[in-house]
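Please read the following note with the sequence and the structure side by side. The points are numbered so that each can be checked in turn.

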Amino acid sequence: MKIKTKDYLLAGDVQIPPGEYMVSLRSDIRQMTLSGGGMDYKIPAVKRPSKKIRKTTDIQFYPSGGPNFSLLIKTPKNGEWISQLKLSNRADKKD
């Protein structure tokens, strides 16, 4: 599934530029990957308890208060995984 960002985001030490990204989950190494624009951005993810058993995969990208955003992936086999992202200025980018 795809998500679209309008601003620079920061997830851990990873700076993510604005754009459209395909989202995938690597539960074995606790990581989400955002692929787009010829780049792959690997961000840390945390498993959280599932509220119910799912039959389909669902990805949600939503604001979670202030400059923070949440990326949530719910899968039938791997449960629920969440990653926190924060709005960032381009000037903060590390090369």
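1. L10 counts as partly exposed because its relative accessibility is 30%; buried means under 20% relative accessible area, exposed over 50%, and partly exposed in between, with a 1.4 Å probe and protein chains only. L10 lies in strand β2, residues 9-11. Strands here are DSSP runs of E with at least two residues, numbered from the N terminus.

2. The model is predicted: local features need pLDDT of at least 70, side-chain atom pairs count only at pLDDT 80 or more, and totals for chains, interfaces and linings use all residues. Residues are numbered from 1 along each chain as its sequence is written, and side-chain values use heavy atoms, with hydrogens and water left out.

3. Which residues does L10 touch, not counting residues up to four places away in sequence? They are Q15, Q84, L85, K86 and S88, where contact means heavy atoms within 4.5 Å. Q84 is 74 residues from L10 along the chain, and the C-alpha atoms of L10 and Q84 are separated by 8.7 Å.

4. L85 also deserves attention. With neighbours within four places in sequence left aside, L85 is in contact with L9, L10, A11, I16, I43, F61, P67, N68, F69 and L71. The largest nonpolar core has 17 residues, and I16, L34, I43, L71 and L85 touch the most other members. Such a core is a set of buried Ala, Val, Leu, Ile, Met, Phe, Trp, Tyr and Cys residues joined through side-chain atoms within 4.5 Å. Two or more residues of this core come from each of β2, β4, β5, β6, β9 (68-75) and β10. The element that gives the most is β9, with three residues.

5. The next point concerns the sheet. Four strands form an open sheet in the order β1-β4-β5-β6, with antiparallel pairing; two strands pair if DSSP finds at least two bridges between them. At the edges are β1 (2-5) and β6 (39-44), each of which pairs on one side only. On average, neighbouring strands of this sheet are turned by 35 degrees against each other, direction ignored; the axes are lines fitted to C-alpha atoms, and angles run from 0 to 180 degrees between N-to-C directions. Six antiparallel bridges join β5 (residues 31-36) and β6. Q31 stands opposite P44 in β6.

6. How many salt bridges does the structure hold? There are four, a salt bridge being a side-chain nitrogen of Lys or Arg within 4 Å of a carboxyl oxygen of Asp or Glu. One of them joins the side chains of E20 and K2, at 3.1 Å from N to O. This pair links distant parts of the chain, with E20 in strand β4 (residues 19-26) and K2 in strand β1, 18 residues apart. E20 is partly exposed at 43% relative accessibility, whereas K2 is exposed, with a relative accessible area of 54%.

7. E80 and R48 meet in a salt bridge at 2.8 Å, N to O. Here too distant parts of the chain are linked: E80 is in strand β10 (residues 79-87) and R48 in strand β7 (residues 46-48), 32 residues apart. Is E80 buried or exposed? E80 is buried, because its relative accessible area is 5%, while R48 is partly exposed at 28%.

8. The side chains of D58 and R54 form a salt bridge at 3.9 Å, N to O. R54 is found in the loop between β7 and β8 (58-63). R54 counts as buried because its relative accessibility is 19%. Residues up to four places away in sequence aside, R54 touches K74, T75 and P76.
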